[in-house]
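Please read the notes alongside the sequence and the coordinates.

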Amino acid sequence: AKKWIRQNDFQGLPKVSDFKVVKETLPDTLKDREILIEAEYYSVDPYMRGTMFNSPDSTMPGSQVARVIQSRHPDYPVGTKVIAFVGWRDRTIYNPDLVKKMTFFHKLPDLKGLPDSYALGVLGMPGNTAYFGVEKILKIKEGGTLVVNSAAGAVGSIACQIGKLKGCKVLAFTGSFEKTLWLKRIGAGYIFDYNIVDIDETLKEYAPEGVDYYFDNVGGDFSCQVMKHMKPHGKIALCGAISCYNNVDPDTKCVTIPFDYNTFIYKHITMEGFRVTEYESEWLDGITNIRDLILEGKVSAEETISKGFESMPEAFINLFKGGNIGKQVVKA
Ligand code: NDP
């Protein structure tokens with residue numbers, strides 16, 4: 001078996017040379033209740049850049065859609081498909097009984113014919129991030145104005161579409177012409193390329209009454225601009241801050257931005273961070289709801305699929321270059 005490890009500390013944007021493939025020798029025989037799984041699709045996600053995974057020579061973390069290829073567990077016969085948080089590994093021996101967390105291991109839910117890879121994107125962690133962020137943190141209501149950034153990404157694209165379905169005016173910001181075209185085609189709201197438009201001017205024009213809901217995937221300067229436009233009682237969901245993950249300057253490495261305290265106080269604005277893993281008990285409800293919206297033709301999903309285990313570092317780095325439309329996955 002083989003796995004990807006990080007051989008260097010990331011400095012700024014990760015480089016292919018920061019990663020290395022190493023061999024792993026797996027035991028010839030399984031113990032009672034163990035299974036051997038083989039990856040079919042790997043996920044690469046922005047959190048993998050995070051400091052909690054920053055020790056050198058550590059296995060790259062991550063989930064995969066895998067198939068059971070040997071089994072000594074009655075509940076997981078050969079051929080069973082699972083989602084497993086086992087890192088960037090092609091084959092893994094696993095005892096499912098020892099894993100209590102749904103977000104670390106579960107059988108592939110019934111996707112009703114949708115692609116298995118969706119279980120890493122729209123019907124998995126990123127889809128649920130959008131769903132719970134919008135439903136539980138922002139608690140969006142019809143008629144509100146919702147701003148979403150990284151809007152053509154795995155999380156952002158679903159947040160926009162749920163916003164539209166709930167009757168919000170959605171202002172979606174993304175980083176390329178191609179991405180704006182896709183978002184327009186799926187009807188995700190008013191679409192802007194943040195490299196071209198002035199965010200402040202755009203919000204003045206398209207949200208003259210202010211922004212009710214801000215789903216923030218990006219942080220940094222972008223958020224400074226949006227915060228000035230929040231409406232009284234507006235809500236901000238702090239989902240991610242990808243614009244800052246590769247910062248090397250110690251002053252900006254921790255994601256800090258200035259905002260006007262008085263405005264936030266007098267306007268009674270709520271800013272709430274969240275981690276999708278907090279919604280473990282409702283995990284399958286989120287997935288089932290999004291799945292049904294896709295089957296009803298109300299939500300569209302897109303994927304950028306790289307080919308082969310060898311392409312994992314490039315696929316991961318691609319996220320920070322804006323190279324993905326929808327969810328970035330790697331096919332084994
Ligand atoms: P995406 O599919 O959105 O991929 C990353 C995208 O981020 C890129 O395509 C690019 O889109 C954008 N981006 C990259 N660098 C920058 C930059 N410097 N400034 C602005 N945008 C940039 O990833 P995900 O949907 O998986 O994740 C989106 C966000 O959600 C991330 O911040 C992530 O950390 C966070 N997240 C949080 C979770 C939680 O539980 N709180 C769970 C999952 C994700 P573009 O071309 O449009 O700029």
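Helices (H or I, at least four residues) and strands (E, at least two) are taken as DSSP runs and numbered from the N terminus. The model is predicted: local features need pLDDT of at least 70, side-chain atom pairs count only at pLDDT 80 or more, and totals for chains, interfaces and linings use all residues. Residues are numbered from 1 along each chain as its sequence is written.

**Confidence**

- The chain has an average pLDDT of 95, and 97% of the residues score at least 70; pLDDT is the predictor's confidence in each residue, from 0 to 100.
- The model's ipTM is 0.99 and its pTM is 0.97.

**Domains**

- Domain 1 (2–121 + 302–331) and domain 2 (125–277) divide the chain; their bounds come from an automatic or database domain assignment.
- The centres of domain 1 and domain 2, taken over C-alpha atoms, are separated by 29 Å.
- In domain 1, 15 residues are in contact with 18 residues of domain 2, where contact requires C-beta atoms, placed from the backbone, within 7 Å.
- The side of domain 1 that touches domain 2 comprises four nonpolar, eight polar and three charged residues. Here Ala, Val, Leu, Ile, Met, Phe, Trp, Tyr, Cys and Pro count as nonpolar, Asp, Glu, Lys and Arg as charged, and the others, Gly among them, as polar.

**Ligand shell**

- There are 29 residues around the ligand, of which Gly153, Val155, Gly175, Gly240 and Gly322 come nearest; a residue is near a molecule if its C-beta atom, placed from the backbone, lies within 6 Å of it.
- At least two residues of the shell around the ligand come from each of α1 (125–138), α2 (154–165) and α9 (312–320), and α2 gives the most, with three residues.
- By class, 14 residues of the shell around the ligand are nonpolar, 12 are polar and three are charged.
- The ligand lies between domain 1 and domain 2, because both give residues to the shell around it.

**Nonpolar core**

- The largest nonpolar core contains 88 residues, and those with the most contacts inside it are Val148, Ile158, Ala159, Ala172, Phe215 and Ile290. Such a core is a set of buried Ala, Val, Leu, Ile, Met, Phe, Trp, Tyr and Cys residues joined through C-beta atoms within 7 Å.
- A residue is buried if 20 or more other C-beta atoms lie within 10 Å of its own, exposed if 12 or fewer, and partly exposed in between, with C-beta atoms placed from the backbone.
- Helix α1 gives the most to this core, with seven residues.
- Both domain 1 and domain 2 give residues to this core, so it lies between them.
- Beyond its neighbours within four places in sequence, Ala159 is in contact with Ala130, Gly133, Val134, Val148 and Phe215.

**Individual residues**

- Ala66 is in strand β4 (residues 63–71) and is buried, with 29 other C-beta atoms within 10 Å.
- Not counting residues up to four places away in sequence, Ala66 touches Ile37, Glu38, Ala39, Glu40, Val82 and Ala84.
- Arg33, in the loop between β2 (19–23) and β3 (35–43), has a positive phi near 75 degrees and counts as partly exposed, with 16 C-beta neighbours inside 10 Å.
- Lys112, in the loop between β7 (105–107) and α1, has a positive phi near 50 degrees and counts as exposed, with 11 C-beta neighbours inside 10 Å.
- Most residues other than glycine have a negative phi.

Methods:
Two residues are in contact if their C-beta atoms, placed from the backbone, lie within 7 Å.
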